[in-house]
Amino acid sequence: MTDHLLKFDNVSVIFKIGGGLGLFGVKRIVALNNVTFTIPDKPGIVALVGESGSGKSTIARLALGLLRPTIGQVLYRGREVSEWIKSNKYRFRREVQAVFQDPYGIYNPYYKVDRVLYLALRKLMHINDSGHAKSLIVDAMKTLGMRPEEVLGRYPHQLSGGERQRLMLVLSLLIKPRLLIADEPVSMIDASLRAIFLENLLELKNTLGISCLYITHDLITANYVADEIIVLCHGKIVEVGNATKVIREPLHPYTKLLVDSMLLPDPRAGRTIEAASIDVHRLSELKPEKGCVFRYRCPYAMKVCAENEPDLIEVGDGRRVACYLYEG
Amino acid sequence: MLEVVDLRVYYKSIFGDYKSVDGVSLSVKKGEIFGIAGESGCGKSTLVDGILRLIRPPGYIRSGKVFFEGINLLELDESRLNKIRWSRISYIPQGSMNSLNPVLRIEEQATDALIEHSDLTKNEAKRVIEEKLGVVGLPREVLRSYPHELSGGMRQRVIIAIAIALNPSLVIADEPITALDVVVQKSLLKLLKDLRDNYGVTLMFVSHDMAAHAQLVDRMAIMYAGKVVEVGDTEDIFYNPQHPYTKLLISSIPKLEKKEIKGIPGIAPSPLNWPRGCRFHTRCPWAMDICTIYEPEMIQIDGVRLVACHLYGESGKKN
């Protein structure tokens, strides 16, 4: 038995662009750089936060087996994901479920939304009796506070984005996966339904023990649902720790910048936009070729930061940070 | 400065009219940052298009008045309206940072826009745009760049520079920070605030993001189902919301301290067929019989607050 559900072991992903016919230079883009983290085999929500282009979605694709690492291993319960897909695809798909930004693509527009649920029950759970399937679906919807009569029998375009997204959680409730990979699941949903979705996510964790890798750019929702936060900057993990602690006391300068940039939904909370002062006006916001990935934007950058890349080191309290400010 | 009176903007369809904006009245004071909040489909963007008369078929303006500095924009002829647009009122459309022409340098696009809407010569236009780039915090070299060479935040700054180039007194920005990274969002909010504080621009800020409103706007209107349901000072809206929809909306936003959040169950109604009576009654936990029959009128309570709800009676007190 293994102690982890999902484990990224020194994973790097390098995309090559160009180089047709060997006449032109091949451009290498490092999407992920030596990423190591574990989602333990106990109910929990791990948030992966970072800006666009930080490699968040690449991690989601690796975890789902939609992409293979260039270097390193992605393990699900002790076996490589690519091996699961090869030898035991249905079982892997049942145990690791994806929730994407807009689930519209999951549904066939010519069929009612119910079909996705029935199909999943038949293919993954081997429930062929439609009466039995229906009662399971209705129960699952009620558990998550949805009204079956308002949703079942409709076509995908007749539901709101939030409703379609919550149906994905109903699906989770039906097939009881061990792990959800949720890539920006609430960024397209209105606030009033986002709250319900987040509550549902917590409920799946608390009642069914379903873990989740919650990928987001939004620290406030990450803080709300997650137990642990992983901060990703230019394809590299720069900080890991307990969600509340990371947000209360960010260690890495990049995490500090993210926390300072949070827009708080509170007009009395300092109107903190006064304090925003980071040089975003430079023409090149490219990542450095060498040294710490954040050094161009870091107010504390030192000489050493330009020379070498800091390792992710343990700093106590279950926290890890990759920054020379915390070394030695 | 800007007064909208009972504006109705509909879209024709074979099923009937989509009543996207259905009787909106509001006024924006000179020098303030006025926010318009609401969830998708509530009519925010259509309202802005209606104010600027940018509605194209099958959309049409059913009725209403839009006064800008005393002139009813809806009665102006096209050429006079064109003079006012951009030079007096300017507009930052949703997603406009992605609508820059990819094969033209910023300089050509910016100067073309200015020449089109003013009597400036090419050289004058260039000088103006150089100055405004400074205002939005971009170096002059940006003029020689193509859009793809700039980050999303920088492109949005370019758009803002073009929008304020002719010194408009009113800028209407539709979702100007959506789809940008948090760090950039914050610096853009600061820029918008600076435009008001340092250059006296009146700003109408349209966004679904309540946190952005909390951080930027002075006063705000909450829209639901094609109507404004509440108008008030930002602090009052967040700390003492009156309309049930506003209350539930505020309590659905996650805060930093992990207090429980509650969503609003149910589905937003369709503009094709708004519910009879109060449009929120289908989802409102406080709904009464009267709410299903009569539409509540906008009334004034505690001085400056406007709210459209039957819970608040004739006297402006809770029944």
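## Confidence of the prediction

Chain A has an average pLDDT of 86, and 91% of its residues score at least 70. The structure is a predicted model, and the predictor assigns the complex an ipTM of 0.83 and a pTM of 0.86. Among the elements of chain A, the lowest mean pLDDT, 81, belongs to helix α6 (residues 148–151), and the highest, 96, to β3(A). Over residues 274–284 of chain A the pLDDT stays under 50; for this stretch the model has 18 contacts beyond four places in sequence.

For chain B the average pLDDT is 90, with 98% of the residues scoring at least 70. Residues 315–319 of chain B have a pLDDT below 50, and this stretch makes seven contacts in the model beyond near neighbours in sequence.

## Overall form of chain A

Chain A contains twelve helices and twelve strands. Its C-alpha atoms fill a box of roughly 70 × 55 × 45 Å along the principal axes. A compact globule of 328 residues would have a radius of gyration near 20 Å, and the 21 Å of chain A agrees with that expectation.

Of the 328 residues of chain A, 45% count as buried. Among the contacts in chain A between residues at least 6 apart in sequence, 65% join residues at least 24 apart.

An open sheet of eight strands is present in chain A, with the order β6-β7-β8-β3-β9-β10-β12-β11 and mixed pairing.

Glu228(A) stands opposite Asn242(A) of β10(A). As for helix α1(A), six of its eight residues are buried, so the helix is largely enclosed by the rest of the structure. These buried residues are Lys56(A), Thr58(A), Ile59(A), Ala60(A), Leu62(A) and Ala63(A). Just after α1(A), Gly65(A) adopts a positive phi of about 75 degrees.

## The contact between the chains

The contact draws 36 residues from chain A and 43 residues from chain B. On the side of chain A that touches chain B, α8 (191–208), α9 (219–225) and α11 (253–261) of chain A each supply at least two residues. The largest share of that side, six residues, comes from α8(A). By class, the side of chain A that touches chain B comprises 19 nonpolar, nine polar and eight charged residues.

Helix α11(A) also has a buried set, consisting of Pro253(A), Tyr254(A), Thr255(A), Leu257(A), Leu258(A) and Ser261(A). The buried residues of α11(A) pack against β3, α9, β9, β10 and α10 (243–248) of chain A, together with α6 (182–199) of chain B.

## Local features of chain B

Strand β6 (residues 89–92) of chain B pairs with strand β7 (residues 170–174) of chain B in the parallel sense, over four bridges. The bridge partner of Ile89(B) in β7(B) is Leu170(B). In a regular strand, side chains alternate between the two faces of the sheet. From β6(B), Ile89(B) and Tyr91(B) point one way, while Ser90(B) and Ile92(B) point the other way, and all are buried.

Pro271(B) is located in the loop between α9 (244–251) and β11 (299–301) of chain B. With 22 other C-beta atoms within 10 Å, Pro271(B) is buried; a residue counts as buried at 20 or more such atoms. Apart from its neighbours within four places in sequence, Pro271(B) is in contact with Tyr18(B), Lys19(B), Ser20(B) and Gly226(B). Between Pro271(B) and Glu107(B) there are 164 residues of separation in sequence and 41 Å in space, C-alpha to C-alpha.

How values were computed:
Residues are numbered from 1 along each chain as its sequence is written. Chains are lettered from A and ligands numbered from 1 in the order in which they are written. This is a predicted model: local features need pLDDT of at least 70, side-chain atom pairs count only at pLDDT 80 or more; totals for chains, interfaces and linings use all residues. Two strands pair if DSSP finds at least two bridges between them. Two residues are in contact if their C-beta atoms, placed from the backbone, lie within 7 Å. Ala, Val, Leu, Ile, Met, Phe, Trp, Tyr, Cys and Pro count as nonpolar, Asp, Glu, Lys and Arg as charged, and the others, Gly among them, as polar. pLDDT is the predictor's confidence in each residue, from 0 to 100. A residue is buried if 20 or more other C-beta atoms lie within 10 Å of its own, exposed if 12 or fewer, and partly exposed in between; C-beta atoms are placed from the backbone. The radius of gyration is taken over C-alpha atoms; the globule rule is 2.2 Å times the number of residues to the power 0.38.
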